[in-house]
Amino acid sequence: MILILGGTTEGKAAVRVMDDAGQPYYYSTRGEWQEIACLHGIRLSGGMDREAMARFCKKENIRLIIDAAHPFAIQLHRNISDVAEELNLPVIRYERIYPDRDKNFVWCEDYEDALVKLKERGVQRLLALTGVQTIAKLRPYWMNETCWFRILERESSVQLAEKEGFPLDKLFFYHPGEEEDLLLKKLSPDAIITKESGESGGFAEKVDAATERGILVFVVKRPLLPDGFYPVDGEHGLRKAVEELLPGFFPLRTGFTTGSCATAAAVAALNHLLTGQEQQRSIIVLPDGEHVSLCVKESKLLSDSSAKATVIKDAGDDPDVTNGIEIVTEVSIVWEKSCSNDNKPSNQTPNKKLKIEFDENIEKVDELNSQPIKDPRRSSTISPIASKGEEIENFDNQTIDNRTKNSLIIFSGGTGVGRITLPGLGLEIGGPAINLTPRKMIIENLIGLLNKTTQRAASITVTISVPAGVEIAKRTFNPRLGIENGISIIGTSGIVKPFSSEAFVNSIRREIEVAKATDSERLVINSGAKSERFIRKIYPELPTQAFVHYGNFIGETIKIAAELSIKKVTMGIMIGKAVKLAEGALDTHSKNVVMNKAFLQSVAREAGCTPRSINSIDNITLARELWTLLPIEEQAVFFSLLIQYCHKHTAPLLPEGELTIVLLTEEGMAFE
């Protein structure tokens with residue numbers, strides 16, 4: 001069993017992740033005020049001291065603790081650490097994401113330090129946003145100066161404030177959605193004091209509102225976590241940690257995309273180059289801003305200015321043909337003349353442009369802010385990479401300003417990485433098949449590492465290789481997409497979900513984008529190679545790229561065609577999928593829907609088939625038996641009616657286009 005200590009936004013996220021496993025777990029909060037739906041969790045409330053927690057863990061056979069409590073719940077963190085050490089239990093700390101510490105704020109080690117600094121700065125009017133529990137800690141200040149506290153509107157909070165003797169007329173209540181600026185405008189304090197509560201604690205909103213009004217900001221630093229915790233800061237990282245520390249809790253393992261693996265290898269290579277030390281793990285930031293750690297098979301220095309690293313692609317339990325292959329990234333740097341790679345300061349002026357080159361095309365990107373991240377092997381904060389949720393829209397045409405570097409980043413495809421030969425993928429013709437999201441991931445992560453140093457790079461070349469890529473590519477859609485001699489470095493989220501339909505649907509989208517780029521007058525979608533072979537005879541004039549496999553994802557494929565403004569679509573379909581689609585199943589996978597013989601009998605009755613034919617349908621095992629079961633004179637009406645039903649469910653998905661459905665026999669004959 002798993003015990004989650006929650007009561008926070010992170011606690012809610014932990015519940016979502018654990019519910020995916022479909023197994024029971026415990027979710028504990030100190031109070032009962034948090035509204036949360038635990039589908040498979042057992043809710044506990046009331047809090048536990050060290051002894052009570054140890055007794056509970058022994059009794060309920062707890063094998064893993066997830067600490068998702070507030071970062072300032074110091075005693076709870078200590079209790080968890082003590083119990084974990086006593087019972088030899090692993091602890092995952094679901095940490096918040098914290099922005100970089102602004103040097104314009106007054107950073108306080110604790111509340112005693114805050115009292116000293118408030119006095120030193122001569123603050124006479126203070127708005128405290130640190131919570132009702134800190135009224136006692138700030139007593140020496142508010143007994144002598146004007147002070148307001150904003151607290152949660154709960155009776156227990158008011159009672160605690162009253163117990164401490166704090167003037168009730170100086171209490172203000174927090175209401176979700178309320179603008180931070182309103183209270184500041186009303187009170188006009190000299191300063192605010194808040195806790196380093198991270199993004200989910202609304203830290204940025206509080207300090208931004210004060211900064212805009214020129215109000216001094218005091219921040220109490222978050223306390224350090226006990227040693228030995230395994231920190232994560234997102235749902236993907238939490239699931240991966242549970243999969244590693246408690247194997248079997250989730251029925252299927254998640255994995256990482258080739259883009260994540262290439263990024264991890266790039267980070268490991270640059271780290272080795274900067275530190276001179278071999279890398280065993282690589283911490284990267286994913287597109288959604290969370291940080292994850294990947295194992296590094298090998299990192300190696302090639303020279304004073306280049307290194308390479310290898311990461312093994314782990315697709316989890318997804319049947320990915322790239323699972324287990326090596327992804328190798330080499331990073332080569334030409335340092336500016338005034339900078340050697342011994343981390344000595346450079347005399348060059350900072351704040352220069354960072355140029356990014358994708359083979360022949362030079363790209364520029366907007367300034368990336370940095371933030372602290374957590375090393376999964378430690379509980380301490382390590383150097384910044386990139387800010388959470390930093391979005392670069394229209395990546396091909398944007399610019400990135402870097403505060404300390406003036407670099408040219410060149411992406412190169414080594415052995416096993418395909419080359420682009422057709423338009424439609426958003427990548428340069430002749431360039432490496434490294435998609436935009438992985439490129440952006442690599443850029444942001446490398447920038448973060450370089451920003452830690454005093455060095456400046458004149459140019460950086462990132463070469464990605466996949467030793468087994470040429471052979472593996474033969475088992476992918478790449479040849480159809482015009483990607484030759486290797487696989488693609490892809491991934492939009494950085495994470496591979498087990499048996500994910502997302503990857504297949506994404507490949508469908510890419511194929512349709514290529515088809516559109518060829519200016520084909522018609523898109524022909526079909527379930528697979530067999531149906532494509534038959535339907536090609538109907539449209540021999542169309543290019544190869546006009547034919548796209550939908551597998552089981554009929555609805556998604558047609559929706560994508562509509563999104564891309566495809567005007568003419570022909571769908572070739574075999575009888576097995578047609579009987580499911582006719583009843584309304586837009587995803588025809590057998591795990592979702594099976595042939596409904598009662599529905600087929602109703603269609604037969606509507607088509608005027610004889611009672612004998614209708615009754616015979618009840619005895620079929622496979623839909624293809626309908627081709628021989630029904631007499632020739634009944635087939636035309638029955639199968640035409642079946643196509644009409646298919647059209648009824650699919651045509652609305654292509655409202656601005658023309659959809660033609662062709663029902664194919666086992667021998668390739670067509671009904672329209």
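Gln280 is placed in the loop between helix H10 (258–275) and strand E14 (281–285); helices (H or I, at least four residues) and strands (E, at least two) are DSSP runs, numbered from the N terminus. The model is a predicted one, in which local features need pLDDT of at least 70 and side-chain atom pairs count only at pLDDT 80 or more, while totals for chains, interfaces and linings use all residues. Residues are numbered from 1 along each chain as its sequence is written, and side-chain values use heavy atoms, with hydrogens and water left out.

Is Gln280 buried or exposed? Gln280 is exposed, with a relative accessible area of 63%. The terms have these limits: buried means under 20% relative accessible area, exposed over 50%, and partly exposed in between, with a 1.4 Å probe and protein chains only. Not counting residues up to four places away in sequence, Gln280 touches Leu294, Cys295 and Val296, where contact means heavy atoms within 4.5 Å.

Ser28 belongs to strand E2 (residues 25–29). Its relative accessibility is 5%, so Ser28 counts as buried. With neighbours within four places in sequence left aside, Ser28 is in contact with Leu3, Ile4, Leu5, Gly6, Leu44 and Met48.

The next topic is a sheet. Six strands form an open sheet in the order E6-E11-E10-E7-E8-E9, with parallel pairing; two strands pair if DSSP finds at least two bridges between them. Why is one side of E6 and of E9 left without a neighbour in the sheet? Strand E6 (106–108) and E9 stand at the edges and have a single partner strand each, so one side of each has no neighbour there. From one strand to the next, the twist averages 20 degrees. Axes here are lines fitted to C-alpha atoms, for helices over the stretch in contact, and angles run from 0 to 180 degrees between N-to-C directions.

Trp107 stands opposite Val219 in E11. Helix H4 (residues 111–120) lies across E6, strand E7 (125–128), strand E10 (191–195) and E11, and runs at about 145 degrees to E6.

A pair of aromatic rings is described by the distance of the centres and the angle of the planes. Rings of Phe, Tyr and Trp (its six-membered ring) pair if their centres lie within 6.5 Å; planes under 30 degrees apart count as stacked, over 60 as edge-to-face and the rest as tilted. How many aromatic pairs does a search of the whole structure find? The search finds nine. One of them is the tilted pair of Phe105 and Trp107, at 6.3 Å centre to centre and 40 degrees between the planes. Phe105 and Trp107 are both buried. Ring pairs link Phe105, Trp107 and Phe203 into a cluster.

Trp142 and Phe166 have ring centres 5.0 Å apart and planes at 80 degrees, so this pair is edge-to-face. Trp142 lies in helix H5 (residues 139–142) and Phe166 in the loop between helix H6 (155–163) and strand E9 (171–174), so the pair ties together parts that are 24 residues apart in sequence. Trp142 counts as buried because its relative accessibility is 8%; Phe166 counts as buried because its value is 4%.

Rings can also have a charge over them. This applies if NZ of Lys or CZ of Arg is within 6 Å of the ring centre and within 35 degrees of the ring normal. The charged end of Lys195 sits over the ring of Phe72, 5.3 Å from its centre, and Arg439 lies over the face of Phe411, at 5.6 Å from the ring centre.

Last come the salt bridges, each a side-chain nitrogen of Lys or Arg within 4 Å of a carboxyl oxygen of Asp or Glu. The count comes to 24 salt bridges. Among them is that of Glu235 with Arg16, whose closest N and O atoms are 2.5 Å apart. Glu235 lies in helix H9 (residues 235–245) and Arg16 in helix H1 (residues 9–19), so the pair ties together parts that are 219 residues apart in sequence.
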